[in-house]
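Hi,

Here is the structure I said I'd pass on.

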Amino acid sequence: MKPDLSRYAPPGINIKSEINFFTGLLSCVSVFSFAYFLNRYLSCRSSLFVQSLNTKTVFPGAQIENFRYVLGTSLYVFAAAAVCMLFLIIIHYSYHYKDSRSIYLMKRLPNPGELHRRCLTLPILAALICLAAGFIALVIYYAIYMNFTPGQCIPPNQWQKIWRF
């Protein structure tokens with residue numbers, strides 16, 4: 001059962017195209033972010049090993065870069081996608097004035113917040129989904145970092161170092 005999103009969009013707007021745009025954008029952002037992180041991680045991880053006669057051994061005393069360094073700017077694209085979703089607010093408001101000319105109808109409705117609900121709900125929800133996807137990506141990247149790096153090469157307190165500026 002799909003929820004009826006037409007109640008939260010300007011009347012007459014093509015919701016399917018907005019949903020397709022959002023899912024496409026979020027998919028591209030996720031793939032780009034993962035590829036960027038994986039590239040940085042594998043680069044840092046490869047510096048831990050020494051190749052000798054077809055075997056890889058951990059370089060004695062080697063430590064991988066801090067997770068925060070490996071993470072780099074890979075999560076910024078989720079924030080950028082959230083900002084792009086907020087531009088939909090402007091598009092929704094301008095749709096009432098220019099495309100459908102329903103602004104006069106919306107102002108005559110008994111509920112004065114109807115216009116704002118229809119213009120703000122979906123873009124803000126989409127922005128929150130982008131930020132939640134960024135947090136999920138952060139947790140996944142941290143799990144990759146901790147599970148695929150040799151234990152003796154991980155500096156201590158990596159999770160705490162993420163939040164320090």
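First, the ground rules. This is a predicted model, so keep in mind that local features need pLDDT of at least 70 and side-chain atom pairs count only at pLDDT 80 or more, while totals for chains, interfaces and linings use all residues. Residues are numbered from 1 along each chain as its sequence is written, and side-chain values use heavy atoms, with hydrogens and water left out.

Now the cores. By nonpolar core I mean a set of buried Ala, Val, Leu, Ile, Met, Phe, Trp, Tyr and Cys residues joined through side-chain atoms within 4.5 Å. Buried is under 20% relative accessible area, exposed is over 50%, and partly exposed is in between (1.4 Å probe, protein chains only). Helices (H or I, at least four residues) and strands (E, at least two) are DSSP runs, numbered from the N terminus.

The largest nonpolar core has 33 residues, and F37, F67 and F78 have the most contacts inside it. Two or more residues each come from α1 (15-46), α2 (67-71), α3 (76-99) and α5 (114-148). Of these, α5 gives the most, with 10 residues. There is also a second, separate core of five residues, and I13, I15, Y95 and L122 are among them. As background, nonpolar side chains tend to be buried together in soluble globular proteins.

Contact here means heavy atoms within 4.5 Å. Leaving out residues up to four places away in sequence, F78 touches L26, V29, S30, S33, C130, A133, G134 and A137.

- S33 sits in helix α1 and counts as buried, at 0% relative accessibility. Beyond its neighbours within four places in sequence, S33 is in contact with S74, L75, V77, F78 and Y141.
- A81 belongs to helix α3 and is buried too, with a relative accessible area of 2%. Not counting residues up to four places away in sequence, A81 touches L25, V29 and C130. The C-alpha atoms of A81 and V29 are 7.5 Å apart, although 52 residues separate the two along the chain.
- Y97 is also in helix α3, but Y97 counts as partly exposed because its relative accessibility is 44%. With neighbours within four places in sequence set aside, Y97 is in contact with I103 and K107.

On to the pockets. They come from a 1 Å grid over the protein atoms alone: a pocket is an open set of points where a 1.4 Å probe fits, with protein on both sides within 12 Å along at least five of seven lines, and lining residues have an atom within 4 Å of a point. Grid points are joined across faces, edges and corners, and a volume is the space filled by probe spheres set on the points. For the classes, Ala, Val, Leu, Ile, Met, Phe, Trp, Tyr, Cys and Pro count as nonpolar, Asp, Glu, Lys and Arg as charged, and the others, Gly among them, as polar.

The largest pocket holds about 430 Å³ of space. Its lining has 14 residues, with L71, L75, Y76, L138 and W163 nearest the centre. Two or more lining residues each come from α2, α3 and α5, and α5 gives the most, with four. By class, that lining has 11 nonpolar, two polar and one charged residues.

The second largest pocket has a volume of about 220 Å³. Its lining is made up of L5, I15, E18, I19, F22, M85, L88, L122, L125, A126 and I129, with two or more residues each from α1, α3 and α5. By class, there are 10 nonpolar, no polar and one charged.

Last, the backbone. Two strands pair if DSSP finds at least two bridges between them; here, four bridges join β1 (residues 49-52) to β2 (residues 55-58), and the strands run antiparallel. Q51 has K56 as its bridge partner in β2, and V50 has T57. The hairpin has two residues between the strands, and L53 takes a positive phi near 50° there. N157 has a positive phi of about 60° without being a glycine, and is found in the loop between α5 and α6 (158-162). Most residues other than glycine have a negative phi.

Cheers
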